[in-house]
Amino acid sequence: MTLQGQSAANMAEEAKKLAAYAAVDNHIQNNQVVGVGSGSTIVYAVDRLAERVRQEKLNIVCVPTSFQARQLILQHGLTLSDLDRHPELDVAIDGADEVDKDLTLIKGGGGCLTQEKIVASCAKHFVVIADYRKDSKALGQQWKKGVPVEVIPMAHVPVSRTIAKRFGGEANLRMAVSKAGPVVTDNSNFILDWKFEHAQNWKEVNTAIKMIPGVVETGLFVGMAERAYFGMEDGSVQVRDPAVN
């Protein structure tokens, strides 16, 4: 990696940390049940959460959205629970691959979209943390890998064809990197990445894709996030709330 590339990567990491710390400091209080998201930015949120639990003797219960999140919670000695025991969460904090001006999200670059959406839907407040590279006016400006769609394995070909036919673009099976064959989710399913060609009515598209038999969940989070924290290049944190219609 060039020095320039290295400093850009360092800046992005610092930005992730800033956003994560701001969200944990603003939204986590004593005696809460907290949904813990997945991905690289969440690592900093869990660091900060563990620090506050130790310093302030907080009583916090954590519900993970993935195997990775579960490991993070255990490594930090935080209290681990699940939706069977805690079906209602006070707040969920998670990252995103892209956030548009309305706080519509693309999530699932790390493959945990279904559990992330379930946990977010169980939370009274859902807060997103990201670095400046994830901030877009419209979906697809920054994130070029498409919308992840989790599918039952036997349905991946028909679902892929149906999405392309109805909404344009193409939906490709996500292949694993250090394993032969497709990526397999924590729920033992496959992921299609739908590279769409133009902006859509995301609420309608999300509902329509979910109705295709064999689709488990989409990585479109519409009308779910109530606030996004972006760590910026200059070391500040930008907060975005949804536009009031």
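**Salt bridges in the predicted model**

K117 and E217 are both buried, that is, under 20% relative accessible area, where exposed means over 50% and partly exposed lies in between (1.4 Å probe, protein chains only). This is a predicted model, in which local features need pLDDT of at least 70 and side-chain atom pairs count only at pLDDT 80 or more, while totals for chains, interfaces and linings use all residues. Residues are numbered from 1 along each chain as its sequence is written, and side-chain values use heavy atoms, with hydrogens and water left out.

Side chains of opposite charge can pair when their charged atoms come close. The structure holds 16 salt bridges, each a side-chain nitrogen of Lys or Arg within 4 Å of a carboxyl oxygen of Asp or Glu. One of them joins K117 to E217, with the closest N and O atoms 2.9 Å apart. Because K117 lies in helix α4 (residues 113–121) and E217 in strand β11 (residues 215–218), the pair ties together parts that are 100 residues apart in sequence. Helices (H or I, at least four residues) and strands (E, at least two) are DSSP runs, numbered from the N terminus.

K117 is also touched by N206, a residue of helix α6 (residues 202–210). The contacts of N206 (heavy atoms within 4.5 Å) further include T218, L220 and V222, not counting residues up to four places away in sequence. N206 counts as buried because its relative accessibility is 13%.

Another salt bridge links the side chains of R52 and E56 (2.8 Å, N to O). Here R52 counts as buried at 8% relative accessibility, whereas E56, at 38%, counts as partly exposed.
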